[in-house]
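Here's a quick briefing on how two chains meet. Have the sequence and the model open as you read.

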Amino acid sequence: MKITPELVEHVALLSRLELTEEQKAQFSRELSKIFEYVEQLGEVDVSGVEPTAHPLPQKNKFRPDEVVPGLANETALANAPETEDVYFKVPQVL
Amino acid sequence: MELEPVIGFEVHAELKTRAKVWCGCSTAFGAPPNTNVCPVCMGLPGALPVLNEGAYRLALRTALALHCDIPPVTTFDRKNYYYPDLPKNYQISQNDKFLGKGGYLEINLGEAGVKQVGIDNIHLEEDAGKNIHPEGTAVDYSLLDLNRAGMPLLEIVTKPDIRSRHEAHVFMNSMRSFLKYLDVSDCKMEEGSLRFELNMSLRPKGSEEFGTKVEVKNLNSISVVLKCIDAELERQGAVLAEGGAIIQETRLWDDVEAVTRAMRTKETATDYRYFPDPDLVDFEVKEEVKQEILATLPELPVARCRRFEEQYGLSAYDAGLLTAQRQTADYFEDAVRLHNNPKGVANWIMAEALRWLNERSGGEEGEELTIEHFPVPAPAIAELLRLLDEGTITGKIAKQLFPMMIDTGKTPSVLVEEKGLKPLDDSALDPIVEEVIANMPKVADDVRNGKAKAIGALVGAVMKKTQGKANPATLTPLIKSKLGVE
């Protein structure tokens, strides 16, 4: 599969990444190679094989519905780049 | 050309668990901002989610009660998008192996009968945090409270089976009533624990094909959804009337202008790049768990309504009113068990108790009062009806007693004793009747001369004199015998 510069641009937008024209060309080249490599898997006949959602044999891992105290407000905000009062401060949304 | 709406809903209900869906943080509403948070629900690197079994069971309970097929294995996927209230930059949801598929909700359309609204799928996901937009012109930022992030959220996606505003209204009320009967969600729309998103298109009436639909978000109450349906009927109708085409898009409700608005295309780029969440294992739905849950499902509103009609001989309307809330239906049945007069009990509940509650609740969207808030318990209503049916008190006295029961919390028997409200027996009535006849000779003569209806005036006068303590059933014969008429 060819990863076109346009597709790189689309994925970059979805991921909120800003790329230069050079980077778009570079990632287009490199990602195309990676996809071609992975496409070799397509040679294997997997008809009748259930898609694997998870490689672990473990199933039904639950936690009980019990409250565990959370973090103190100061601790919760400690690593935030910006805060105001008891809140995280983020660029305006609306 | 007459157009009909084709409507489906995405229903979001916060599940009633103690802890969040992937971590142990409390789900309590109204906690100080950013205090019910931990590395998992704040999306800190390295923190791993583990599914809350309580949330899983409530979701499964809902799916089973909606008659869904339960696939043997359910898995969770990541839905990727960027928004500040979503700390991980993805929402853990389900996109492939849903918890439940198919199924239906029964809604009672009164004379039009019971309709099944199909369920496409039902899945478990997490809620997002809350953005706060400070007031002021110079403000160029938002604030974020992550207490709600990671709350267990159930999404029920219906099929486009709804065909009118009225059906949509009944559906939303029925869904809320259903979820409350099941006791899986608080369904407090004012707190956002129940939300409806609308999918709507128009098509010529009688057509089998669907038109192009739009999805509308930001609808925070049932009455707003109804306003939105009206607005879209008008907008889509106008576009189609001019020969235009509806654009498939997500629109936002503008409550000030009462119209929907298209979101910018950037926001509607719905490329969520779902993939299985590697942090969560598969879940096999065990047969014994299903059986265990099935055994605890309550009788649901539509079934209960039907039974009330058959078992108690109530009208469809009355049965619907009494079964809309589980508490009211329980109250009714408790009272009827104590005094077997279903119609009498039903009338008193509807005329007195529900009226009292309506006067005090905040309307359809406000705080919903249940009959548990009503100061008169079921046994007291039963006792009042028993006293009335046995002739110990008159209907008029019963009506006087009711506000006293509400104010004092005393039982009707105690109040009857205290206030001396027992009906007067004939020996006590005798002199009063004679006095009334003496005072109203003209009326008395009319009755003697065959004007039977005139006796009403005498009965009324005695009632007035005794402050309602004469029993009308025995009073009329007593007056007649005094006048020497049959």
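## Where chain A meets chain B

The contact draws on 50 residues of chain B and 35 residues of chain A. Keep in mind that this is a predicted model. Putting the two chains together buries about 3900 Å² between them, and carbon and sulfur atoms give 60% of that. On the chain B side, B:Y82, B:Y141 and B:V281 lose the most area to chain A, together 14% of what that side buries.

**Polar links across the interface**

- There are 17 residue pairs in polar contact between chain B and chain A, both residues at pLDDT 80 or more.
- Salt bridges are down to one across this interface.
- That salt bridge brings together the side chains of B:K97 and A:E50, at 3.8 Å from N to O.

**What chain B puts into the contact**

- Several elements of chain B each supply at least two residues to the side that touches chain A: β2 (51–52), α1 (53–65), β9, β10 and β17 (283–284).
- The largest share comes from β10(B), with five residues.
- By residue type, that side of chain B splits into 26 nonpolar, 11 polar and 13 charged.

- Four strands line up as β2(A)-β3(A)-β10(B)-β9(B) in an open sheet with antiparallel pairing.
- At the edges sit β2 (83–84) of chain A and β9 (130–132) of chain B, each pairing on one side only.
- The join between the chains is antiparallel: four bridges link β3 (residues 87–91) of chain A to β10 (residues 141–145) of chain B.
- As background, strands of a sheet pair through backbone hydrogen bonds, either parallel or antiparallel.

**A parallel pairing between the chains**

- Strand β1 (residues 62–63) of chain A runs parallel to β2(B), and two bridges join them.
- Here A:R63 stands opposite B:N52 in β2(B).

**A serine in chain A**

- A:S32 is part of helix α2 (residues 21–38) of chain A.
- Is A:S32 buried or exposed? A:S32 counts as buried because its relative accessible area is 5%, and the cut-off for buried is under 20%.
- The A:S32 side chain reaches the backbone oxygen of A:S28, at 2.7 Å.
- Setting aside neighbours within four places in sequence, A:S32 is in contact with A:M1, A:K2, A:I3 and A:F27.

Key
Residues are numbered from 1 along each chain as its sequence is written. Chains are lettered from A and ligands numbered from 1 in the order in which they are written. This is a predicted model: local features need pLDDT of at least 70, side-chain atom pairs count only at pLDDT 80 or more; totals for chains, interfaces and linings use all residues. Side-chain values use heavy atoms; hydrogens and water are left out. Two strands pair if DSSP finds at least two bridges between them. Buried means under 20% relative accessible area, exposed over 50%, partly exposed in between (1.4 Å probe, protein chains only). A polar contact is a pair of N or O atoms within 3.5 Å; within protein, one must be able to donate a hydrogen and the other to accept it, and residues adjacent in sequence count only if both atoms are side-chain atoms. Contact means heavy atoms within 4.5 Å. Buried area is the accessible area (1.4 Å probe) that two parts lose on being put together, summed over both. A salt bridge is a side-chain nitrogen of Lys or Arg within 4 Å of a carboxyl oxygen of Asp or Glu. Ala, Val, Leu, Ile, Met, Phe, Trp, Tyr, Cys and Pro count as nonpolar, Asp, Glu, Lys and Arg as charged, and the others, Gly among them, as polar.
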